[in-house]
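Please look at the sequence and the structure first.

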Amino acid sequence: MAHPLSERSQLRHLTAQLDELKQKGTHFRLRVLDDIQAPVCTYDGKKVINLASNNYLGLCDHPKLREAAIQAIRDYGVGSGAVRTIAGTMKIHMELEEKIARFKNVEACVVFQSGFTANAGTVSSILGKEDFIISDELNHASIIDGARLSRAKIKVFRHKDVAHAEELLKEVASEPGRKLIITDGVFSMDGDIGPVDKLCDLADKYGAIMMVDDAHASGVLGRNGRGSVDHFGCHGRVDVQVGTLSKAIGALGGYVCGSKDLIDYLYHRARPFLFSTSHPPSVAATCIAAFDILENEPERIERLWSNTRYFKEQLGHAGFDIGGKSTPASETPITPIIVGDGRKTMDFSRALFDAGVMATGIAFPTVPEGKARIRTIMTSEHTREQLDQALDIIVKTAKQMSIL
Ligand code: PMP
C-alpha cells in the first residue's frame, strides 16, 4: 500500500517531471557503495573497477588519515557543537587553516563545510548589485548560484575565450561597480585547464578581482598538488583561491585562500560560515594529515599522472572521442568519453556496470544537449592490470552497442 504522503496531490508536478526524465532515459537511481571508496569496490552488491570517484590520490582510505580521524574523536569528541562565530571554532580548525595558508603561500585561509558553500558563500558576499561578474560559461554550479545570490550583473564568456572575456570587461569598464573575473582551475566535466595566467593579465589590466575555483586542481596540478595558481606561476595575482577538501584530499570541505582582510571579511559576511555548524574535529584532523601526505608522498601525484597519460592514450587508440573534437580537450585525470545522445549514454553506463566497470553517465542539463558522455576519472591507486581490464570492458561494450 502506498504511503499516505505519496497519495497527496501537492507535489504531483514533481512526479510529472520525474516521469519525463524516465521517458527520456536520463532518470537515474543512486548506486550504493557497500565497502570502501577504492579502485576496485562493491556497489549494489557488485564488484566493479571504479572509474567514477574523485578520490584522485586514494586518500579516502589512507591509514594515516584514518588514524588522525580516530585520534581526534578520542581527543575532541564527534561534533563542534556550534557555528564558527558562536562557539564552534576549535583549535584544530585554526590549525588546518594555518596549514593550508602555508601550503598555498597566502596570508590566510578559511575552511567551509564544502567546496560548494566556499564558492557560493564567497561570490555572494564579496559583491553586490552594482558589481559585475565575468564568468566562464562552464564554471561550476556553485559559482553560478553564488553569482545569482550576489545580485551582481553576470556576464558569461565563451569557454576559455580570453578575448571574449576582455570584450565583456571593456563593455563595463566605465561602470562604477567592481569587476570579478572567475574561472575553474580544472573544468569538472571536460577535464581541461582554465587560462588562469591570461585571465590574471586581464584582471591586472582592468583592475578586476581575480578568483579561481581549484576543486579539481587541488592535489592534482602544481608542485605537490598546490593547484592551478602554482601550475601557472601566478602566486600573488589571484585574489581569491577556492579549493576543496572533498576530492584529492579525501575528506569533506572547502576553503578560501587570500589576504587577511578577505578572510576576516568572510568571517563576518559569508552566510554558510555564519549560519551553519563547523566541521567535526575528526574531519579537520583528517585534512591536516592529508596535506602532510601531499608534502611527503609526491609519488602519489606522479602515479596519478602516469595512469592518466596511459588511460587517455589507450582510449584514444581505441578510437573514442575523448574530447578535443566536439568538446574541449581534457588535460587532466578527468577524461570524458563523448557519446552524444543522453539515453544511449545512460544505457552505456549501465551496460559497463553490468560488465564490471563503474563509470558515470552524464547528460543534459549537467552538460550541453547532444554532448552526453561517460566521465572517467583516474586515481593514483589504479594498477595497470585494473586499467587494462577496464579498457577491455569499455571497448567490448562500446562495440556491442555500436558506439565504437
Ligand atoms: N567546484 C567544482 C569545479 C566542483 O567540481 C565541485 C564538486 N562537484 C565543487 C566546486 C564543490 O566541491 P564540494 O564537493 O567540496 O562541495
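The centres of domain 1 and domain 2, taken over C-alpha atoms, are separated by 27 Å. The model is predicted. Domain 1 is assigned to residues 25-54 + 298-400, and domain 2 to residues 61-296.

**Where the domains touch**

- Contact between the two domains involves 22 residues of domain 1 and 14 residues of domain 2.
- On the side of domain 1 that touches domain 2, the elements giving two or more residues are α13 (299-318) and β10 (334-340).
- Of these elements, β10 gives the largest share of that side, with three residues.
- Sorted by class, the side of domain 1 that touches domain 2 holds 12 nonpolar residues, eight polar ones and two charged ones.

**The surroundings of K129**

- Is K129 buried or exposed? K129 counts as exposed because it has 9 C-beta neighbours inside 10 Å, and the cut-off for exposed is 12 or fewer.
- Leaving out residues up to four places away in sequence, K129 touches R151 and A152.
- K129 and G177 are 48 residues apart in sequence, while their C-alpha atoms are 8.4 Å apart in space.

Conventions: Residues numbered from 1 in each chain as written. Predicted model: local features only at pLDDT ≥ 70, side-chain atom pairs only at ≥ 80, totals over all residues. Buried ≥ 20, exposed ≤ 12 C-beta atoms within 10 Å, placed from the backbone. Contact = placed C-beta atoms within 7 Å. Domains from an automatic or database assignment. Helix = DSSP H or I, 4+ residues; strand = E, 2+ residues; numbered from the N terminus. Nonpolar A, V, L, I, M, F, W, Y, C, P; charged D, E, K, R; others polar.
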